[in-house]
Amino acid sequence: MAAEPLPNAPPPRLETRHLVLRPWTADDAPALRHVVLHNLGHLQAWMPWATPEAHERVVEVAERLRGFAADFAAGRDWSYVMLDRVDGALVGAVGLHRRGGPDALEIGYWIRADRSGRGLVTEAVTALADAVFETCDVARLEIRCDPRNERSAAVARRAGFRHVTTLHGDTRATGEPRDTMVWERQRETPRAAPAPCRFDVVALDADDTLWHNETLFTATQTRFRELLAPYHDIEHIDRRLYETETRNLRHFGYGVKGFTLSMIETAIELTEARIGGAEIRQILDLGREMLSAPVELLDGVAETVETLAESYRLVLVTKGDLFDQESKLARSRVGDRFSAVEIVSEKDARTYAAVMARQRVEPARFVMVGNSLRSDVLPVLEAGGAAVYIPYHVTWAHERVDDVALAGRVFAQLESIRDLPAWLAHA
Ligand SMILES: [Mg+2]
């Protein structure tokens, strides 16, 4: 993609406490060749370019560096060599690249093994980011890294970048689908108004996205186990309950009532009908307690829903029992921020297509946010919408999906619903 040169270029030289950053020249070729060839194992884990073949011949390395210098001079791309301020040794590199949108630059970096772990990259990235915001007309800087590259993520964090999303199935870095963490630092006072968002409808899941739910089921299941402990071991009880629940979904649907009936059925089966009326009553009480348990919003939900409602049409899309879900929504204090509530019996692609049709929104302008890959992410993508996955710390076995189902699927992952407004603004 050819980009217009930036009106204000990043600085040609930066000095920090321990480093000098300047554009590469062809004269750096022997030193660069030496460093790369002596750090192959260290660099190759994350840098696909660090191959012995590409660094065998000094003339070829020099040619590449001339290209970097030409791009720097023309305002297309800015690669800096990182030098030790005292002894002038080549310790690594840092670069600014025009990716991530018209108003953004991406920062990349590497350092040789024997100089890593001393905060030098953080020092370089912080200085460069400060300089860019001072001189260039960009609204934000990005750092992208593999989630397994903990050192790189630590640099982003220490340099004041915020983790905004993790892209799944991203093929940009190597051509192979992989996960990519996206970190961002924004200009403190944005110079340009944000671009209009690509979504009209933000649909939100309810259980374990807006309020705690699975923890309630887990706690109840613990008490159910105690009740049946005289008859069977825990693993057996859990497995049979899960089998009964799954079998009963098509009769009773999702939710507390179906779960309660499944507990009763499991208890009768596991005790070979020896369970008494008093114990059945205890199970019914467990169900009743679940239905009347206070609605506990997840951290950040109240404020975020409030903020989102100012810019988007919010639709609640949830499985489960109509009566129970409506009652929870009414008690949740966020109910009146939603322009529509869709309580559905199953979350599959057909259901989402029907929701989009009823809400009169194009699939491309619909984004679903939820804690279940199986229910809130995969079927939405299949229906042509976008999806944001915000994991909850407990996942019901029925909602788990294997990696095969996720291969090639592109969706965002956020740590907290608090990060949703920023993600939407840049989506
Ligand atoms: Mg959920």
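How far apart do the C-alpha centres of domain 2 and domain 3 lie? In this predicted model, the distance is 27 Å.

**View 1. The whole chain and its domains.** The chain divides into domain 1 (14-186), domain 2 (201-211 + 297-418) and domain 3 (214-292). Its C-alpha atoms fill a box of roughly 85 × 45 × 35 Å along the principal axes. The secondary structure comprises 15 helices and 14 strands. Of the 427 residues, 32% are buried. Among contacts with a separation of 6 or more, 68% join residues 24 or more positions apart.

**View 2. The contact between domain 2 and domain 3.** The C-alpha centres of these two domains are 27 Å apart. Domain 2 gives 11 residues to the contact, and domain 3 gives 11 residues. On the domain 2 side, four residues are nonpolar, three are polar and four are charged.

**View 3. Helices α7 and α8 crossing.** Helix α7 covers residues 234-252, and helix α8 covers residues 256-270. Their axes come within 8 Å and cross at roughly 130°. The crossing is right-handed.

**View 4. Residues where α7 meets α8.** From α7, the contact includes I237, R240, L241, T244 and E245. N248, L249 and F252 in α7 also take part. From α8 come K257, G258, F259, L261 and S262, among others. M263, E265, T266, E269 and L270 in α8 belong to the contact too. The contact residues divide into eight nonpolar, five polar and five charged.

Conventions:
Residues are numbered from 1 along each chain as its sequence is written. This is a predicted model: local features need pLDDT of at least 70, side-chain atom pairs count only at pLDDT 80 or more; totals for chains, interfaces and linings use all residues. Domain bounds come from an automatic or database domain assignment. Two residues are in contact if their C-beta atoms, placed from the backbone, lie within 7 Å. Ala, Val, Leu, Ile, Met, Phe, Trp, Tyr, Cys and Pro count as nonpolar, Asp, Glu, Lys and Arg as charged, and the others, Gly among them, as polar. Helices (H or I, at least four residues) and strands (E, at least two) are DSSP runs, numbered from the N terminus. A residue is buried if 20 or more other C-beta atoms lie within 10 Å of its own, exposed if 12 or fewer, and partly exposed in between; C-beta atoms are placed from the backbone. Axes are lines fitted to C-alpha atoms, for helices over the stretch in contact, and angles run from 0 to 180 degrees between N-to-C directions. A crossing is left-handed if the near helix is turned anticlockwise from the far one by less than a right angle, and right-handed if clockwise.
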